[in-house]
Amino acid sequence: MAKGMYVPKESQPKQGKGKASDQKDGKRKIVAQNKKARHDYLIMDTYEAGIVLSGTEVKSLRQGRTSLADAFVQIDGGEAWLHNAHIPEYSQGTWTNHAVRRKRKLLLHRDEIDKLESKSQDAGHTIVTLAIYFKDGRAKAEIALAKGKKEYDKRQTLREQQDRRDSDRAIAAAKRRQRARER
């Protein structure tokens with residue numbers, strides 16, 4: 001660019017790299033994951049839902065303090081609710097602190113709620129929480145329609161993962177040997 005030349009603001013390069021510019025990319029800052037849910041359930045369909053939170057809950061989440069060990073979703077009166085998600089009290093909060101295990105409303109589209117409600121009523125199906133994260137500065141929950149696995153299914157999944165790891169290790173070792181021979 002020539003000095004003194006007019007450049008529209010939209011095409012000017014951004015100055016600095018602050019928190020706001022990092023989160024505007026749509027990146028997810030994961031706060032908590034429920035890894036046990038992926039082990040115990042066969043995930044059929046996933047959804048992203050907004051969470052209605054109070055101020056101290058958001059501050060506590062930003063500190064990375066939450067547990068989804070017993071969390072599940074229920075549809076009551078045409079609304080989705082997150083139950084048993086443990087968000088501890090904010091350490092610097094006052095009398096305005098929140099209840100630790102209160103039920104929290106999830107924000108989903110009507111057709112998504114209807115679909116989840118009809119499918120979750122089938123035998124063996126449930127709605128589990130997989131993760132809580134921040135996206136564009138807003139708290140989101142990744143929920144999934146899931147079906148419970150039998151014990152032999154869990155063992156089969158673990159066996160497949162171990163076989164995949166072993167084959168990846170063998171391929172990597174073969175590539176290392178080949179590169180060493182070429183030198």
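The model is a predicted one. Its chain holds five helices and seven strands, and from the N terminus on these run α-β-α-β-α-β-β-β-α-β-β-α. Of the 183 residues, 31% are buried. The chain exposes about 12700 Å², with carbon and sulfur atoms supplying 48% of that area. As for contacts with a separation of 6 or more, 68% link residues 24 or more positions apart.

A80 gives a closer look at the inside. This residue sits in strand β4, which spans residues 79-83. A80 counts as buried because its relative accessible area is 0%, and the cut-off is under 20%. Leaving aside residues up to four places away in sequence, A80 touches V73, Q74, I75, R104, K105, L106, L108 and I113. Take K105: 25 residues separate it from A80 in sequence, yet the C-alpha atoms are 6.1 Å apart.

On to charged pairs, with six salt bridges turning up across the whole structure. One of them joins the side chains of K135 and E48, at 3.5 Å from N to O. K135 belongs to strand β6 and E48 to strand β2, so this pair ties together parts that are 87 residues apart in sequence. Both ends are partly exposed, K135 at 26% and E48 at 35%.

Other bridges stay within a helix. R110 and D114 meet at 3.8 Å; they are four residues apart in helix α4, so about one helical turn separates them. R169 and D166 pair at 3.3 Å and sit three residues apart in helix α5, again about one helical turn. Here R169 is exposed at 53%, while D166 is partly exposed at 36%.

Key. Residues are numbered from 1 along each chain as its sequence is written. This is a predicted model: local features need pLDDT of at least 70, side-chain atom pairs count only at pLDDT 80 or more; totals for chains, interfaces and linings use all residues. Side-chain values use heavy atoms; hydrogens and water are left out. Helices (H or I, at least four residues) and strands (E, at least two) are DSSP runs, numbered from the N terminus. Buried means under 20% relative accessible area, exposed over 50%, partly exposed in between (1.4 Å probe, protein chains only). Contact means heavy atoms within 4.5 Å. Accessible areas come from the Shrake-Rupley method with a 1.4 Å probe; for residues, only the protein chains shown count as cover. A salt bridge is a side-chain nitrogen of Lys or Arg within 4 Å of a carboxyl oxygen of Asp or Glu.
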